[in-house]
Amino acid sequence: MSEAPSPMLGNIEAEAALLGTLLMDNRAIEAAADRLTGPDFIEPLHGRIFEAITRESALGRSVSPITIKPHFTDDPAMQALGGTAYLMRLASDGHTLIATGTLIEQIADLSRRRALRAGLIDAAGACADLTQPLPEIVAHADAALVLPEESREAREMSANEALAAMRENSATSGPGVLCGAIPPADEALGALRPGQLVVIAARPGMGKTAFAISYAAGAAARGHGALFVSLEMPGEDLAERLASDLAYGADGKEAVPYQLIRSRELSDWQRRRLGQVEYQARSLPLHITDPAQLRIGQLDQRVRRFARRLAAKGQRLDLVVVDYLQLLHPDSRGRSEYEAISEVSRMLKAIAKRHGVAIMALAQLSREVEKRPDKRPQLADLRGSGQIEQDADIVAFLLRQEYYLRQAEPNPGTVERLEWETALEDATSRLELIVAKKRAGLTGNAFCRFEGAYQAVRGDA
């Protein structure tokens, strides 16, 4: 039997005592299975015994040294210790004065500590490899710090208790996140609830970032704490778009074009207007972060940090926007694109649930969209993984027919030109929001107004 690498990070006697208790008292198996898995045991044989115990119990069978013996007929480690005799010895030594819960907690804690140590040792070793980029090493170390952390434990409650919890939660958390600045989107998407993953997907040029900025700024103006994670563009570029959106306001009467802000070619009154916008932004609970690259475990940490920062001000983080999903990296290395996006998608949903926030993740669609005459997206166009569709509570697409019409402009004086001009007039500044999946509601379409010159999306199409 292998020895623990450190007396601080493994307790074989505790493992043996727990296994013996489970073999003698099957009532404790469920509690142990809720907290432990085979790899949590430092002794591999103990891990295999635990897996055999939980597997037999899950099948509704009585567990004892005799019933799990067939699982170890060809197990060399078990045979070296006497086969069934070792299982009988575990059972005879199982009833100790130590509470079962104490044994479970210690084994789980030691397992997390081993995982943390292994991750940090791996990261420290990577520091000596000069071929590895420093940001990759830092990201790996961050992932190691996240790895041992427990996710929220599953709760069990009666129907009556669940309804009481729902009533209490609705009284304290409010109706969810609404934008206000884009009423058709609020109607189509509904209030975004804590724990929801909302995917807004489109081809390039459809206005994903503009939609997300307008949505986040509108939500922040209503008092919702929002974090905008910009992976595609630097924070300064995003701030220029945000400034133009805020200057546009509700009616566009004092709007400042985005290109003038970007080029700094501003008149005196436009500079004064941007000064007003800057003052207005001070009261918005909207934060921007623009890491050059980000692993999903690092996003978890940033969400936690910003939630604490807002809580210190008496506010709460309600909305996290990620621009965009396919630029997030998984914590696990060596994954295919499909596996990487699947892991990111699953973890985004887990982060939303863990921190009680709504996550709006922008996503790219495949080129299959542009092969269709009407250019209308479908769920199958989500690039990289069907896991996104499975994990998301809401999937919505953005479509601007104006963009495609301008790319197919016919020659002047032709019949096609007249038809094109009519279609372009109908499509100008029109942004269609196509809700293709809504786990707790109806799907359908909504039309918004896209003001590309001001990077603003508003309600009346």
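Which residue stands opposite Leu 319 in β7? I looked it up: Ala 358 is the one.

Ground rules before I go on. I am working with a predicted model, where local features need pLDDT of at least 70, side-chain atom pairs count only at pLDDT 80 or more, and totals for chains, interfaces and linings use all residues. Residues are numbered from 1 along each chain as its sequence is written, and side-chain values use heavy atoms, with hydrogens and water left out.

**Entry 1: around β5**

I take helices (H or I, at least four residues) and strands (E, at least two) as DSSP runs, numbered from the N terminus. I call two strands paired if DSSP finds at least two bridges between them. For burial, I use under 20% relative accessible area as buried, over 50% as exposed, and partly exposed in between (1.4 Å probe, protein chains only).

β5 and β7 pair in the parallel sense, over four bridges. β2 (residues 225-230) also runs parallel to β5, with six bridges joining them. I noted one partner here: Phe 228 is bridged to Val 321 in β5. Is β5 enclosed or open? Seven of its seven residues are buried, so β5 is largely enclosed by the rest of the structure.

Next I listed what Leu 319 touches, with contact meaning heavy atoms within 4.5 Å. Leaving out residues up to four places away in sequence, the list includes Val 177, Leu 192, Tyr 215, Ala 219, Leu 227 and Met 360. Ala 358, the residue opposite Leu 319 in β7, is on that contact list too.

**Entry 2: cores**

A nonpolar core here is a set of buried Ala, Val, Leu, Ile, Met, Phe, Trp, Tyr and Cys residues joined through side-chain atoms within 4.5 Å. The largest one has 87 residues, and Leu 319 is among those with the most contacts inside it, along with Leu 192, Phe 211, Leu 299 and Leu 348. Helix α11 (residues 208-221) gives this core its largest share, nine residues. Apart from it I found another core, of 29 residues, including Leu 22 and Ile 49. As background, in soluble globular proteins nonpolar side chains tend to be buried together.

**Entry 3: helix α7**

Buried residues in α7 include Leu 103, Ile 107, Arg 114 and Gly 119.

β9 (residues 430-438) is mostly covered, with seven of its nine residues buried. β9 pairs antiparallel with β8 (residues 394-399) over six bridges; I noted Val 395 with Lys 437 in β9 as bridge partners. β9 is also antiparallel to β10 (residues 444-451), again over six bridges. Those two form a hairpin with five residues between them. Arg 430 has Arg 449 in β10 as its bridge partner.

What does the charged end of Arg 430 sit over? The ring of Phe 447, 3.9 Å from its centre. My cut-off for a charge over a ring is NZ of Lys or CZ of Arg within 6 Å of the ring centre and within 35 degrees of the ring normal.

Rings of Phe, Tyr and Trp (its six-membered ring) pair if their centres lie within 6.5 Å; planes under 30 degrees apart are stacked, over 60 edge-to-face, and the rest tilted. I get four aromatic pairs. Tyr 403 and Tyr 404 make an edge-to-face one, 5.3 Å centre to centre with 85° between the planes. Tyr 403 is partly exposed at 26% relative accessible area, whereas Tyr 404 is buried at 9%.

Lys 375 lies over the face of Tyr 404, 5.6 Å from the ring centre. Lys 375 sits in the loop between β7 (358-364) and α17 (387-391), and counts as buried at 18% relative accessibility. Its phi is near 60°, positive in a residue other than glycine.

Arg 264 is not a glycine either, yet has a positive phi of about 70°; I place Arg 264 in the loop between α13 (258-263) and α14 (268-281). The peptide bond from Asp 323 to Tyr 324 is cis, with omega near 0°. Tyr 324 lies in the loop between β5 (317-323) and β6 (328-329).
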